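The following questions and answers go through one protein model, moving from a single residue to the fold as a whole. Please read them beside the sequence and the structure.

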Amino acid sequence: MVSDSAVISRAFSAVRASLKDPSSADFGLTKRYSVAEVKNVACGTVNAKNSFGGYAGAKRFIYTHESSSLVFDDGSPDFSDLWTSLCR
């Protein structure tokens, strides 16, 4: 079994890798969840600088350890449904 800290650490690395300014990442509450067949999920928020150099505001993300999949909140109902099903 993978530890909470390992899942969250990998999630932070994946999020940073996707940002325009990785060093500006300011993570909010991030927790590990295990739901049904998805055993290692990290759900959290990050605020980071955009291409204009200003902070864009906190954005939710879901990281799935097994598939190394990262999804950011794009405002869609699909993301909201995923958040509701995995981040509880």
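Q: In which loop is serine 76 found?
A: This is a predicted model, in which local features need pLDDT of at least 70 and side-chain atom pairs count only at pLDDT 80 or more, while totals for chains, interfaces and linings use all residues. Residues are numbered from 1 along each chain as its sequence is written, and side-chain values use heavy atoms, with hydrogens and water left out. Helices (H or I, at least four residues) and strands (E, at least two) are DSSP runs numbered from the N terminus, and serine 76 is found in the loop between β5 (69–72) and α2.

Q: Is serine 76 buried or exposed?
A: Buried means under 20% relative accessible area and exposed over 50%, with partly exposed in between (1.4 Å probe, protein chains only). The relative accessible area of serine 76 is 18%, so this residue counts as buried.

Q: Which backbone nitrogen lies 3.2 Å from a polar atom of the side chain of serine 76?
A: A polar contact is a pair of N or O atoms within 3.5 Å; within protein, one must be able to donate a hydrogen and the other to accept it, and residues adjacent in sequence count only if both atoms are side-chain atoms. For the side chain of serine 76, the atom at 3.2 Å is the backbone nitrogen of phenylalanine 79.

Q: Which residues are buried in α2, and on which side of the helix are they?
A: In α2, the buried residues are Phe79, Trp83 and Leu86. They cover an arc of only 85° around the axis, the arc being that of the directions from the helix axis to the C-beta atoms.

Q: Which strands are included in what covers the buried residues of α2?
A: Contact means heavy atoms within 4.5 Å. By this criterion, what covers the buried residues of α2 includes β2, β3, β4 and β5.

Q: What is the handedness of the disulfide of cysteine 43 and cysteine 87?
A: A disulfide is a pair of cysteine sulfur atoms within 2.5 Å, and the sulfur atoms of cysteine 43 and cysteine 87 are 1.9 Å apart. Because cysteine 43 lies in strand β3 and cysteine 87 in the segment after α2 (77–86), the pair ties together parts that are 44 residues apart in sequence. Cysteine 43 counts as buried at 4% relative accessibility, as does cysteine 87 at 11%. The torsion about the S-S bond is about -70°, so the disulfide is left-handed.

Q: In what order do the elements of the protein chain run from the N terminus on?
A: The protein chain has two helices and five strands. From the N terminus on, their order is α-β-β-β-β-β-α.
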